[in-house]
Amino acid sequence: MELTLLGTGTPTGLPRPGCPCAACATARGPYARSATSLLVDGALLLDLTPGAALAAARAGHALTGVRQVLLTHPHDGPPVELPAGLPSAGRVPDGRELTLISGHRVRAVAMDAPGTGYEVTSPEGARLLYLPPGGAPAGAAAPHRPYDLVAVDATGRPDALARLRAAGAVGRETDVLAVHLDHDVPPGPELDRRLAAAGARAVPDGTALTVGAYREAPPVPRRTLVTGGARSGKSLEAERRLEAYPDVVYVATGGARDGDAEWAARVGAHRERRPGSWRTEETCEVAGLLAEDGPPLLVDCLSLWLTDAMDRAGAWDDETWARTGEKALRERVAELVAAVRATPRTVVAVTNEAGSGVVPATAAGRRFRDELGRLNAAFADECEQVLLAAAGQVLVLRG
């Protein structure tokens, strides 16, 4: 089954008309995108958009062979002229299936937002799923096997991808294409980096693909460390890296602080932005969790874990530190690092970057700074990818 992506942007396109934002300012040339529209084997057109005929011509196709035009969502904006000879566009009721004269079978998939998704099966058995902008399947039954290709709003609705993975509709070999791309993520390397973390990719308008052909699965880092200063965006970046996966375990190492309203507000803000399917573990016994099989772990954060470890070792007191504290802390850090090295799980950990600011005034403060720097370096050595967050931007240090 040949799939040609005539467009990969939102209904308004990218750049948005008249938008002065930085993402739109850089969405030029290969980064410009027209409204998403998919041409399947030259016989089925999914979403009729302005300029579809011209886009098809640029991709080396004509629309004269199209036998069915299906819409996935209400099309607001300027009217779209129907090219001569093209059948009228329509939508299939949820759950209904139709068979085209070309032999393709199309089933309408119910969404949790206005619109319709379409599952398309070629005469040879290749299968793709195409979802509308802002939509996720509404209680869709698990398919008998993963789709060969899924075209989804991966940046606007990463939870849709998580649902599909949980249902077995997206597997390791599924080619996940991001469509309906908007200006919420800057185009180019930043978009590619975010999508790669979700096991997805973006392609330029006009790209033609063979659905079901062998394609090496994109490498997704299994262990990632995200470091940065206060309010740098490191926790948000860590959460983004796992929001397209179901059943994530969020490991909160800070614990509860009775009577501290400001801390409670911080914890509440973090909880509010996390997906509802995630589970929270408030513990510093991170090594034990790493040793178990299970869903991905998000550990936030190592600096609070170190605070607890230093409390247990009595490392704040100079005399205790010299006598037993240093040895006890080294052993606990070595246990954590060994657990990261051996873990079978996907892990994203957050830490604070130490030593870039004012030198602490006390020996205990300097000790914490030094030990956090050592912990960060040892943990990073066991990770396939290390990221530095600054001013909400992310720099890849490794991977």
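The model is predicted.

Start with the sheet that contains strand S8. It is open and has six strands, in the order S6-S7-S8-S9-S10-S11. The pairing is mixed. Strands of a sheet pair through backbone hydrogen bonds, either parallel or antiparallel. Two strands stand at the edges: S6, residues 97–99, and S11, residues 175–178. Each has a single partner strand, so one side of each is left without a neighbour in the sheet. Neighbouring strands here are turned by 15 degrees against each other on average, direction ignored.

Now look at S8 itself, residues 116–121. Six of its six residues are buried, so the strand is largely enclosed by the rest of the structure. Thr116, Tyr118 and Val120 point one way. Gly117, Glu119 and Thr121 point the other way. All of these are buried, Glu119 included.

S8 has a partner in S7, residues 105–110. The two strands pair in the antiparallel sense over six bridges. Valine 106 stands opposite valine 120 in S8. S7 and S8 form a hairpin, with five residues between them. In that turn, glycine 115 has a positive phi of about 135 degrees.

S8 also pairs with S9, residues 127–130. This pairing is antiparallel too, over four bridges. Here tyrosine 118 stands opposite tyrosine 130 in S9. S8 and S9 form a hairpin with five residues between them. Glycine 125 in this turn has a positive phi of about 105 degrees.

Move along to S10, residues 149–152. S10 and S11 run parallel and are joined by four bridges. Leucine 149 has aspartate 175 in S11 as its bridge partner. Alanine 169 sits in the loop between helix H3, residues 158–166, and S11. What does a relative accessibility of 3% make alanine 169, buried or exposed? Buried means under 20%, so alanine 169 counts as buried at 3%. Its C-alpha atom is separated by 8.9 Å from that of valine 150. Along the chain, alanine 169 and valine 150 are 19 residues apart.

The other sheet is also open and also has six strands. Its order is S5-S4-S3-S2-S1-S12, again with mixed pairing. The edge strands are S5, residues 89–90, and S12, residues 208–210. Each pairs on one side only. S12 pairs with S1, residues 2–7, in the antiparallel sense over three bridges. Threonine 4 stands opposite alanine 208 in S12.

Turn next to the second largest pocket. About 450 Å³ of space lies in it. Its lining counts 23 residues. Arg165, Arg172, Gly199, Val220 and Tyr245 lie nearest the centre of this pocket. By class, the lining has 13 nonpolar, five polar and five charged residues.

Finish with the aromatic side chains. The structure holds one aromatic pair. Tryptophan 316 and phenylalanine 368 form it, and the pair is stacked. The centre to centre distance is 6.0 Å, with 25 degrees between the planes. Why does this pair tie together parts that are 52 residues apart in sequence? Tryptophan 316 lies in the loop between helix H8 (302–313) and helix H9 (318–342), while phenylalanine 368 lies in helix H10 (residues 363–381), so the pair links these parts. Tryptophan 316 counts as partly exposed, at 32% relative accessibility.

Conventions:
Residues numbered from 1 in each chain as written. Predicted model: local features only at pLDDT ≥ 70, side-chain atom pairs only at ≥ 80, totals over all residues. Heavy atoms only, no water. Phe/Tyr/Trp six-rings, centres within 6.5 Å; stacked < 30°, edge-to-face > 60°. Buried < 20%, exposed > 50% of the residue type's maximum accessible area, 1.4 Å probe, protein only. Pairing = 2+ DSSP bridges. Axes fitted to C-alpha atoms, helices over the stretch in contact; angles between N-to-C directions. 1 Å grid on protein atoms, 1.4 Å probe; cavity = no way out; pocket = protein on both sides within 12 Å on 5 of 7 lines; lining within 4 Å. Points joined across faces, edges and corners; volume = space filled by probe spheres on them. Nonpolar A, V, L, I, M, F, W, Y, C, P; charged D, E, K, R; others polar.
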